[in-house]
Structures are given as C-alpha cells and as structure tokens.
Amino acid sequence: MKRKPAKEYTTEQQLPRLGTSPYLKLMERTASSDTNLNSAHLGLIMLWTGDNILDMVDIDLAAFDITESKLDLLLLLSLHADQELVTPSSIADRLGIRRSSVTALLIWLEKKNLIVREPYAKDGRMTHVRISAEGSTLVNQILPTFWSTCASLVDELNKEEQAVFQKVLVKLNASLEKRLGSGR
C-alpha cells in the first residue's frame, strides 16, 4: 500500500525524504528557550503519524470513493440521527473544522445523495442536515473496512504495548479535548 502522488514526477522533481534530523536541527535553532525539545520532537512525530494515519485510511477507503473526512461527517450524522436539528455550524464545531470546510463536504455528499439538507421546520432560516438512506447504506458497507484499517494501525504492537499505548493516547486525547474545549 503506497501513497499515490498528486501527479507523476520525474526523479529529479521528487523531493527526497529528509527524516527527522533536519527538523531537529531547525528546532534547536528556532524553538524558544522554554520549549522542551524532546517534547517538541514527540509532538512532531505525532503530527506526522496523524498525517500518515489519515493517508492510510484514505487509501483503504478509496475503493468506496470517499475520504476519511467525508466518512467522519457521515458517521457523525449517523450517530446523531435522532437529533431534531443538526446544522452545518454544529457539525463544524463538533468536527473542529471551519464552516467553509463543512460546506464543501456537504456539497460533495449531497451530490452523491449521501445526505439531505432541508429547511428546519421550526425556523426556515436554519438548515437541518441528515444522512440519507443511501448514506446509511454506504456507511454500513464501509465500516468493516474502516474498523479493519483502524485495527491494522497498531499491528506492530504486541498486546502489552497496545495496552500502554491506549492508556497514553486516551490521556493525551483527553488533555487535547480539554484544551480545545470540545471533543468527540
């Protein structure tokens, strides 16, 4: 499983892998004196890992012609199907993304008939968003692959490492959600 480049490049056009060393040198020169460099290094690796995880998920979801961000929105709508009002703004707040990003996702999902946007019955100025029957069907088709991909992300860890890693991730995620003032 490899990333597909946006376009094919000749060898001399491709940017070489740098590894962490140049970033660490840059960090040593540019980080403020009160920044813990080991913590910053870990944070950088976490950012890269997050990017790689999203790429892995998107590669596995490509067979369904959907990305992780679009599936995330469909899952959110599925899990909040009983809500009387789900607005684009509430979606943006919950997912931690800009309203314009939500609008772009909704337009794509609506064109594929995976969601329905309709005026809110109690206040026609507001838009209610819900998952469509086609969207629910697609989510149910995707979820086995999605969960398999999620499980594969920790294949390199034995059970004890997974238990420690889970504890650390849950702690970090709770801290981040607290700092952000929102969470899943």
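Author: A polar contact is taken as a pair of N or O atoms within 3.5 Å, where one must be able to donate a hydrogen and the other to accept it. The model under discussion is predicted.

Reader: Which residue caps the N-terminal end of H7?

Author: The cap is made by a side-chain oxygen, which lies 3.0 Å from the backbone nitrogen of Glu-160. A polar contact requires N or O atoms within 3.5 Å. The residue that supplies this oxygen is Asn-158.

Reader: How many Å does H7 reach from its first C-alpha to its last?

Author: Helix H7 covers residues 159–180 and has 22 residues. At 1.5 Å a residue, 32 Å is expected, and the computed span is close to that value. From the first C-alpha to the last, H7 reaches 31 Å.

Reader: What percentage of residues 20–174 is helix?

Author: UniProt lists residues 20–174 for "domain: HTH marR-type", in an unreviewed entry. Over this range the end C-alpha atoms are 27 Å apart, and 10% of the chain is strand. The helix content over residues 20–174 is 67%.

Reader: How is the aromatic pair of Tyr-23 and Trp-48 classed?

Author: The structure holds two aromatic pairs. In the pair formed by Tyr-23 and Trp-48, the centres are 4.9 Å apart and the planes are at 80 degrees. Planes over 60 degrees apart give the class, so the pair of Tyr-23 and Trp-48 is edge-to-face.

Reader: Why does this pair tie together parts that are apart in sequence, and by how many residues are they apart?

Author: Tyr-23 is partly exposed at a relative accessible area of 35%, and Trp-48 is partly exposed at 29%. Tyr-23 lies in helix H1 (residues 21–30) and Trp-48 in helix H2, so the pair links parts whose separation in sequence is 25 residues.

Reader: Which residues does His-41 touch, not counting residues up to four places away in sequence?

Author: His-41 lies in helix H2 (residues 37–61) and is partly exposed, with a relative accessible area of 22%. His-41 and Met-27 are 14 residues apart in sequence and 8.4 Å apart in space, C-alpha to C-alpha. With residues up to four places away left out, His-41 touches Thr-20, Leu-24 and Met-27.

Reader: Is Asp-72 buried or exposed?

Author: Asp-72 lies in helix H3 and touches Leu-95 and Arg-184, residues up to four places away in sequence not being counted. The relative accessible area of Asp-72 is 16%. The limit for burial is under 20%, so Asp-72 is buried.

Reader: Where does Asp-65 lie?

Author: Asp-65 is not a glycine, although its phi is positive, at about 55 degrees. Asp-65 is partly exposed, with a relative accessible area of 45%. Its place is the loop between H2 and helix H3 (68–79).

Reader: What is the phi of Asn-113?

Author: Asn-113 lies in the loop between helix H5 (99–111) and strand E1 (115–120). With a relative accessible area of 46%, Asn-113 is partly exposed. Its phi is positive in a residue other than glycine, near 60 degrees.

Reader: Which residue lies over the face of Trp-108?

Author: The distance to the ring centre of Trp-108 is 4.1 Å. A charge sits over a ring if NZ of Lys or CZ of Arg is within 6 Å of the ring centre and within 35 degrees of the ring normal. The residue over the face of Trp-108 is Lys-70.

How values were computed
Residues numbered from 1 in each chain as written. Predicted model: local features only at pLDDT ≥ 70, side-chain atom pairs only at ≥ 80, totals over all residues. Heavy atoms only, no water. Helix = DSSP H or I, 4+ residues; strand = E, 2+ residues; numbered from the N terminus. Expected span 1.5 Å × (residues − 1). UniProt positions renumbered as here; feature names shortened; annotations may be inferred. Buried < 20%, exposed > 50% of the residue type's maximum accessible area, 1.4 Å probe, protein only. Contact = heavy atoms within 4.5 Å. Phe/Tyr/Trp six-rings, centres within 6.5 Å; stacked < 30°, edge-to-face > 60°.
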